[in-house]
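Good morning. Please look at the screen.

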Amino acid sequence: MQTPVISAFPFLHPSPLLNASPLKMSTASPDFSNHSRRPGVSTLLLLLVAVVLLSCFLLHRAVEFRITTNSGSPLHSDSKEYSLARVLKVASMPDNTVILTTLNEAWAAPHSVIDLFLESFRMGDQTRWLLNHLVIVSLDQKAFSRCMAVHSHCFSLVTEGVDFSHEAYFMTPDYLKMMWRRIDFLRSVLEMGYNFVFTDADVMWFRDPFSHFHPDADFQIACDHFSGRSDDLENKPNGGFKFVRSNKRSIEFYKFWHASRGLYPGLHDQDVLNKIKNDSFILEMGLHLRFLDTTYFGGFCEPSEDLDEVCTMHANCCLGLSSKLNDLRILLEDWKIYVSSSPMSSESSGWRVPLNCSLDSLHLYVQQPDPTWPNSI
């Protein structure tokens, strides 16, 4: 006796009636009163076609939006480089310049840092158009999903074996991995021929900064403290905001910077930059290095005092996400007051921040470090 075949999809098997012996035709009218009628072959074929088409559609959407599995493996047929090239091409300015920021789940939540960041572009003086050239580089799946909901240009940068979704506590191993992964990624963008403005998401954009960049610089970076001279190597750089032009010198510099982490184990990228900025190798490669004036590119370490000139303000010298969010919201409120006040009005008297991000709290941390205080400074 032949063993019956059991299928996971029984409706795909032909009805037993199709293999039965021919029946004599009956002159009686068919009985439609029985509710156990089976669907016809044509109906089953249509159903099968619909299932196949739906599967193809879902697969296409997975490729297009780079949906990531729990293991961190992207479900897409294109290489990561190709997908990045496509995003950069769409977002770039005519001179191949893009604006880049990175985002993880901790900063991607509604009403968190990313919302304030995007709002600053909309509130700023002729800065809204710059959003067309902003690429948000997501470090985990939830950040990528949020990016897709709030912005046009998103790229998913997944690092195998590393979870960047949670708030990275300052100088912890995860924090250091995140910072050095960022340096390596930016090097790859330069190698693809793109200039970039890199900005942390806690940098608020109030004016178009491009007119204040140095035209002859390969690499220019904001400062925690600015000495008054853009070529003074004693300036204290902050890696949260920089403009880098793609050329042989900048690419070699990024390779050297990343490789130097081995010479200074346990230091983050900003501290390593401070160590190597005087290195003879940088002089030999001919890198044109400049530091950005805090008059235009201020922060909580050294706020820009002139609201008529400020382009960006960075929530640096600040520990803790709640403190950062509190002061960033006040910063945006201060900008609203400034924009709405008349030229002769004394209503806008400058920034009320830093408050929770005061230097006193930072000095307390330096004197009595608390490993539970999160975020970069």
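E5 and E10 pair in the antiparallel sense over 3 bridges. Strands are DSSP runs of at least two residues, numbered from the N terminus, and two strands pair if DSSP finds at least two bridges between them. Within this pairing, Met 204 has Met 313 of E10 as its bridge partner.

Before going on, a note on the model: it is predicted, local features need pLDDT of at least 70, side-chain atom pairs count only at pLDDT 80 or more, and totals for chains, interfaces and linings use all residues. Residues are numbered from 1 along each chain as its sequence is written, and side-chain values use heavy atoms, with hydrogens and water left out.

Back to the sheet. It is open, has 3 strands in the order E5-E10-E9, and its pairing is mixed.

Now the cavity. The structure holds 1 cavity of 30 Å³ or more. By cavity I mean a set of points, on a 1 Å grid over the protein atoms alone, where a 1.4 Å probe fits but cannot get out; lining residues have an atom within 4 Å of a point. The largest cavity has a volume of about 50 Å³, volume being the space filled by probe spheres set on the points.

Which strand gives the largest share of the lining of the largest cavity? That is E10, with 3 residues. Among the residues lining the largest cavity are Val 203, Phe 241, Met 313 and His 314.

Notes:
1 Å grid on protein atoms, 1.4 Å probe; cavity = no way out; pocket = protein on both sides within 12 Å on 5 of 7 lines; lining within 4 Å. Helix = DSSP H or I, 4+ residues; strand = E, 2+ residues; numbered from the N terminus.
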